[in-house]
Amino acid sequence: MAGLSQARSDQPVQLRSSTVRVGAGLAASGWVLRRLWRLAVVTAATPAALAGLLSVILSALLWSVSPLLMLSMLALGIGLLVGVRSVWPDRWLVWLRLPLRSWWRGWLVYRRCWPAAMDTAGLATSWRGTVWTPTVLTVSSTLSVDRVRVRMLPGQTVEDYADVAHRLAQTFGASAVRVRSVLQRPHHVELWLLTVDPLTSVVEPLPVDDQALTEGLPLALAEDGRTWRLQLVGSHVLVVGATGAGKGSVIWSLLLHLAPLVRSGLVAVWAVDPKGGMELAAGRRLFARFAHGDSDAAAGYESTFAEVLEDAVAVMRRRQDRLRGVTRLHTPSTAEPLVVLVVDELAALTGWVTDRTAKKRIEAALGLLLSQGRAVGVVVVGAVQDPRKDVLPMRDLFPTRIALRLNEAEQVNLVLGPGARNRGAHADLIPDGLPGVGYVTVDGIAEPVRVRFSNVTDQHIAQLVTPVTPALQLVSGEAA
Ligand SMILES: Nc1ncnc2c1ncn2[C@@H]1O[C@H](COP(=O)(O)OP(=O)(O)OP(=O)(O)O)[C@@H](O)[C@H]1O
């Protein structure tokens, strides 16, 4: 006889629990208590709300001791807040304004209608008669973006959220929603809801930073209002954009932030401007080497580009000999600066070279630099309009890639990697009127982030080059 535990029936078991009648007053009190408990839990977890609550309790206590004392303390508190706001606007923003904004937006905009929003977006699911909804974990706001961290339901993926991003944007009144995975948190997803687009205004050059080599060069503003920094040491950088997309502003922002490092001898810029020097000539005093395709060169102007690249390979080889077995990543120093080879139009060195001998020399040198240079402090920063393989065969050797406005949707994945467009990098939809806007990758985040590079004007360039004494002797000695 089969044991009871093995007995199975495909018929659903009908269970009817006995009805318990409660009065309207009791039901209402239960509802209010549940809400209060939830408010208490969230308040306790939010520093700004906790501070607000403590101030109210303190005020009530002071009032009971002496109303005058309480009013004086209130006036002092308000005075302090006004003082902090005018003396330290940055701290005011970080300590008070943004935490409060995160708190009220978290409650009023997101948590209040979250279950309904998940349901209508198709992200809630019903299982065994219960409706399960993804949970909001945290909401942190900047002045332009609300970052809502969500715990996904079992079986959901980041793509499920990306697929309904436009529905979520409409529901929460955001201009766009970016969906991001969270490093080392496979159950979490972060929704970036854009409330204001800070990238519609031109971005002024960001303050020059002495620590730029270690911290990253602050070249652009991200759409969440933060500074985007380029980690140049140990990376080659590819900038792709249609004509007029603002490739010049990326290169000039880079040069602007490298200038103090050139002055201190930690960086040597070698510039290659195949457009006859039209783009980069204004910065020639900053450059240790400048090749612009001398039309009088005996071996043809393209051979001058080959020479610079081969000299860079020679520097690389010497450093490899010295550093072999010592370190795996070169640290820039005044004795051995970081060599930054800036090429304004890479296609002129790869796809469009007519001199066959020069073409072979350039291909060989560029391939060596891109595959071996970054570990020994010889990095390439190249700009190009067309990212296709026949124009730029070494595209995949650039670890850092920046996609400004592109002409075709297919180009996005060519530049930023497979799937980048699906993950929200719509570089082909950037309007003509927003030069300098593009998508970049950010450390720790798989999805590209939308940024705007600072606009470097002729006046900035004039100031940039005036006080510079380039480290010419040092680098040409090394390259000779
Ligand atoms: N970051 C920026 N912010 C505002 N305006 C910009 C920015 N970058 C470029 N511009 C403006 O856009 C125009 C085109 O810029 P730029 O010459 O840098 O484009 P490009 O991609 O280098 O074009 P091309 O390939 O034709 O040389 C210029 O008038 C420039 O002033």
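## Domains and overall layout

The protein chain splits into three parts: domain 1 spans 34–87, domain 2 spans 103–196 and domain 3 spans 202–479. Keep in mind as you browse that this is a predicted model. Between domain 1 and domain 3, the C-alpha centres are 52 Å apart.

## The annotated transmembrane stretches

Let's turn to what the record says. An unreviewed UniProt entry carries the annotation "transmembrane region" for residues 39–62 and 68–88. What does the chain look like over residues 68–88? In the model this stretch is 95% helix and 0% strand, and its end C-alpha atoms lie 29 Å from each other.

## A four-stranded sheet

Next comes an open sheet built from four strands, in the order β3-β4-β6-β5 and with antiparallel pairing. Which strands sit at the edges? They are β3 (135–141) and β5 (176–181), each of which pairs on one side only. On average, neighbouring strands of the sheet are turned by 20° against each other, with direction ignored.

A helix joins this picture as well: α4 (residues 89–110) packs on the sheet and touches β3 and β4. The direction of α4 makes about 140° with that of β3.

## Strand pairing in detail

Moving on to the next pair, how many bridges join β4 to β6? Strand β4 (residues 145–151) and strand β6 (residues 188–194) run antiparallel and are joined by seven bridges. Here Val150 has Val189 in β6 as its bridge partner, while Arg151 stands opposite His188 of β6.

## Around the ligand

Finally, a look at the ligand shell, which holds 15 residues. Those that come nearest to the ligand are Gly246, Gly248, Ser249, Gly436 and Asn455. Two elements give two or more residues to this shell, namely α9 (247–263) and β16 (445–453). Helix α9 gives the most, with three residues.

What is the make-up of the shell in terms of nonpolar, polar and charged residues? Nine of the residues around the ligand are polar, four are nonpolar and two are charged.

Conventions:
Residues are numbered from 1 along each chain as its sequence is written. This is a predicted model: local features need pLDDT of at least 70, side-chain atom pairs count only at pLDDT 80 or more; totals for chains, interfaces and linings use all residues. UniProt positions are given in the numbering used here, feature names are shortened, and annotations may be inferred rather than shown by experiment. A residue is near a molecule or strand if its C-beta atom, placed from the backbone, lies within 6 Å of it. Ala, Val, Leu, Ile, Met, Phe, Trp, Tyr, Cys and Pro count as nonpolar, Asp, Glu, Lys and Arg as charged, and the others, Gly among them, as polar. Domain bounds come from an automatic or database domain assignment. Two strands pair if DSSP finds at least two bridges between them. Axes are lines fitted to C-alpha atoms, for helices over the stretch in contact, and angles run from 0 to 180 degrees between N-to-C directions. Two residues are in contact if their C-beta atoms, placed from the backbone, lie within 7 Å.
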